[in-house]
Amino acid sequence: MKKIELIDLAAQYRAYKDEFDAAIGAVCSRASFIMGSEVAELERALTAHCGAAHCVTCANGTDALVLALRALGIGPGDEVITSTFSFIATAEAIATLGATPVFVDIEPDTCLIDATLIEEKITKRTRAIIPVSLYGQCPDMAAVNAISKEHGLVVIEDAAQSFGARTGNGKSCALTRVATTSFFPAKPLGCYGDGGAVFTGDAAIAEKLSSLRLHGQSERYYHRDIGMNSRLDTLQAAVLLVKLRHFDDEIAIRQEVARHYDELLTGLPLTRPTVRAGRLSVWAQYAVRVKDRDTVAQKLKEAGVATAVHYPLPLHLQEVFAPLGYRPGSLPVAEEAARTVLSLPMSAFVTPGQQKQIADALRGTL
Ligand SMILES: Cc1ncc(COP(=O)(O)O)c(C=O)c1O
């Protein structure tokens, strides 16, 4: 039986090979590797796609968060509220700047930050909220924005997994004051290495971000801030421009793949993922919930089906954050999710036949 990858990036390469090869070749023949014209072209295309006024690309999604927090002046003594159920980068960026992450539990059905639990975490030191659009779906951003407005906070969407997603109020990356994304290869819109971007509607923040990603320069060799070297490579921009041309089609196919999983898995003793009404997920992950998750994952592996766990330990229980004093049981919904989530193969290149094979393997396991 042929192995089924979690995300078949090689199949995607084969599908658009001529376009990729031409785009990469064009950058190499001009030897325009740093801040070539594709970078600005991509920034324009990304803003056109999501509806944010400004886009500043950078080296990766973690730097995007650090740049956003730095542009907003967040640092030592500040608290930033975020979801405990995310990749480490969300909290790492906060801590990197000397600020303190304050973790909030999640909704049991979506695994997204539970907005009803945010207000009780706000203190005099709170400066910002980072809701994470996990698995490709935006949380209740209207609720998060309303809380931030009432308390004078800034909202930064961590949209590393959700570029292209939609809610009733607009698209991911254009719903909040600032948003960040990642172009890590496995993301719905991924490049061929590391990449990221920050989005904002605020021209002054955009200008600050552009300077910070280039060593804090005001003009070449003149520096007004301690910045970073965090540019997106021209080659990555060229790859992303190709993928962006096919992105809407791929998002539509991902909806079909998710629907087909929903059909195939109905009746099995597992919980299928939920997308709330009025939202469009880009299905960065199709994460089911199963008892005995690790045994199920092992049996699927033996049946040739790759799976992954996003994520096995919530951020508040990570060793690195032990000094913050959270204990097992502090944020129980996320702790339960960490024990039971299992991501199945998901991309625009999973075939209906493969999905049947995955569902049959699951049925034989559960
Ligand atoms: C929710 C979330 N935030 C931030 C990041 C960091 O992105 P990158 O790996 O590009 O630094 C990721 C990527 O894995 C992520 O999933």
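Colleague: How many nonpolar, polar and charged residues does the shell around the ligand have?

Modeller: In this predicted model, the shell divides by class into five nonpolar, eight polar and two charged residues.

Colleague: Which residues surrounding the ligand are the closest?

Modeller: The ligand is surrounded by 15 residues, and the closest are Gly61, Thr62, Ala89, Ala160 and Ser182. Two or more residues of the shell come from each of helix H4 (61-71) and helix H5 (88-96).

Colleague: Why is Gly51 called partly exposed?

Modeller: Gly51 has 15 C-beta neighbours inside 10 Å. A buried residue needs 20 or more and an exposed one has 12 or fewer, so Gly51 falls in between and counts as partly exposed.

Colleague: Where does Gly51 lie, and which residues does Gly51 touch?

Modeller: Gly51 belongs to the loop between helix H3 (37-50) and strand S1 (54-58). Leaving aside residues up to four places away in sequence, Gly51 touches Gly170, Lys171 and Ala174. Gly51 and Leu175 are 124 residues apart in sequence, with 9.1 Å between their C-alpha atoms.

Colleague: How do you know that H3 and helix H8 come together, and which residues make the contact?

Modeller: The axes of H3 and H8 (residues 234-265) come within 8 Å and cross at roughly 35 degrees. The crossing is left-handed. Among the residues making the contact are Glu38, Val39 and Leu42 of H3 and Thr234, Ala237 and Leu241 of H8. The contact comprises eight nonpolar, two polar and two charged residues.

Terms used:
Residues numbered from 1 in each chain as written. Predicted model: local features only at pLDDT ≥ 70, side-chain atom pairs only at ≥ 80, totals over all residues. Near = placed C-beta within 6 Å. Helix = DSSP H or I, 4+ residues; strand = E, 2+ residues; numbered from the N terminus. Nonpolar A, V, L, I, M, F, W, Y, C, P; charged D, E, K, R; others polar. Contact = placed C-beta atoms within 7 Å. Axes fitted to C-alpha atoms, helices over the stretch in contact; angles between N-to-C directions. Left-handed = near helix turned anticlockwise from the far one by under 90°.
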